[in-house]
Amino acid sequence: MRLPKVTRFLATVATAALAALGAVTVDAAPAAAAVRNVCYNTSQAGPFASYAVQAASIWNNATNNINMAQCGSNLMIYYTYGGGSYAQRTSLGNGRVVIDYYQAQQYSPLRIMTHEIGHILGLPDNYNGNCAILMSGGSAGTSCTNPYPSSTEAARVDSLFGFAARSATTPQVFTGSWPAPVTAGAQR
Ligand SMILES: [Zn+2]
């Protein structure tokens, strides 16, 4: 079972606060601490913006460790005419998705969107023709409209973010390590 993300976030804050007071020992890898925002931007998505929102909701519901929201441009959504849909992942949770307008008239646009976002979230293609597998993509045929990741696929994303988010291999920006001195003019 999963707790609502807000609840888990609050739990994380509470745990951190208690830990700061020395009241509790923080678990080495609390699941709540792994929740990471994946900020997507639909300003260039044209007619596919609503599909991106739906796909984000699907991923949020299927996973524990990510929270997709329109909070930035880690993931840009574009569309084009011809050439095929694709995802360009620059790092876990970052990159761009491009939806081919013509392809989206043959295949389910929501399935395409959810699949391509799956690549940004770390999943490879798995062309096994199984409609129940999101990453089977077009191999499942145009009649397949399933936009949901399998439990295995969702678990894989959770695993990637659960570990990679705390891994030194993931580019990261650290801010706030050196707060401004309280007393202006203090000499060090
Ligand atoms: Zn693919």
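Predicted model: local features only at pLDDT ≥ 70, side-chain atom pairs only at ≥ 80, totals over all residues.
Me: Which residues coordinate the zinc ion here?
Reply: Look for His115, His119 and Asp125.

Me: What spacing do the donors of the zinc ion follow along the chain?
Reply: Read the spacing as H-x3-H-x5-D. Now place two of the residues. His115 sits in helix 3, which covers residues 109-120. Asp125 sits in the loop between helix 3 and helix 4, and helix 4 covers 151-164. The pair therefore ties together parts that are 10 residues apart in sequence.

Me: Is His115 buried or exposed? And how do I decide?
Reply: Under 20% is buried, over 50% is exposed, and in between is partly exposed. His115 has 6%, so it counts as buried. Asp125 has 35%, so Asp125 counts as partly exposed.

Me: Next topic: disulfides. What is a disulfide?
Reply: It is a covalent bond between the sulfur atoms of two cysteines. In this structure the count comes to 2 disulfides.

Me: Which cysteine forms a disulfide with Cys39?
Reply: Cys71 does. Their sulfur atoms are 2.0 Å apart. Next, check the torsion about the S-S bond. For Cys39 and Cys71 it is about -95°, so this disulfide is left-handed.

Me: Where do Cys39 and Cys71 lie?
Reply: Cys39 is in strand 1, residues 36-41. Cys71 is in the loop between strand 2 (66-69) and strand 3 (75-80). So the pair ties together parts that are 32 residues apart in sequence. Cys39 has 9% relative accessibility and counts as buried. Cys71 has 43% and counts as partly exposed.

Me: Which cysteine is joined to Cys131?
Reply: Cys144, with an S to S distance of 2.0 Å. Cys131 and Cys144 both lie in the loop between helix 3 and helix 4, 13 residues apart. The angle about their S-S bond is 90°, and the link is right-handed. Cys131 is partly exposed at 28% relative accessible area. Cys144 is buried at 3%.

Me: What pattern do the disulfides follow?
Reply: Count the bonded cysteines along the chain. The pattern is 1-2, 3-4.

Me: In which sense do strand 1 and strand 3 pair?
Reply: They pair in the parallel sense, over 2 bridges. To see one, find Tyr40, whose bridge partner in strand 3 is Leu75.
Then turn to strand 5, residues 94-100. Strand 3 and strand 5 run parallel and are joined by 6 bridges. Here Tyr78 has Val98 in strand 5 as its bridge partner.

Me: How many aromatic pairs are there?
Reply: The count comes to 7 aromatic pairs. To sort a pair, compare the ring planes: an angle over 60 degrees counts as edge-to-face. Tyr79 and Tyr81 have ring centres 5.7 Å apart and planes at 70°, so this pair is edge-to-face. Tyr101 and Tyr102 have centres 6.1 Å apart and planes at 85°, so that pair is edge-to-face too.

Me: Which residues do the ring pairs link into a cluster?
Reply: Phe48, Tyr51, Tyr79, Tyr81, Tyr101 and Tyr102. Tyr79 is partly exposed at 30%, and Tyr81 is partly exposed at 49%. Tyr101 is partly exposed at 28%, and Tyr102 is partly exposed at 46%.

Me: Now the whole chain. What share of the residues is buried?
Reply: Of the 188 residues, 39% are buried. The accessible surface comes to about 10600 Å². Carbon and sulfur atoms hold 56% of that surface.

Me: What share of the contacts joins residues at least 24 apart?
Reply: Take the contacts between residues at least 6 apart in sequence. Of these, 59% join residues at least 24 apart.

Notes. Residues numbered from 1 in each chain as written. Heavy atoms only, no water. Donors = N, O, S within 2.8 Å, 3.2 Å for Na, K, Ca; no water. Helix = DSSP H or I, 4+ residues; strand = E, 2+ residues; numbered from the N terminus. Buried < 20%, exposed > 50% of the residue type's maximum accessible area, 1.4 Å probe, protein only. Disulfide = S-S within 2.5 Å. Pairing = 2+ DSSP bridges. Contact = heavy atoms within 4.5 Å. Areas by Shrake-Rupley, 256 points an atom, 1.4 Å probe, with all protein chains shown as cover. Phe/Tyr/Trp six-rings, centres within 6.5 Å; stacked < 30°, edge-to-face > 60°.
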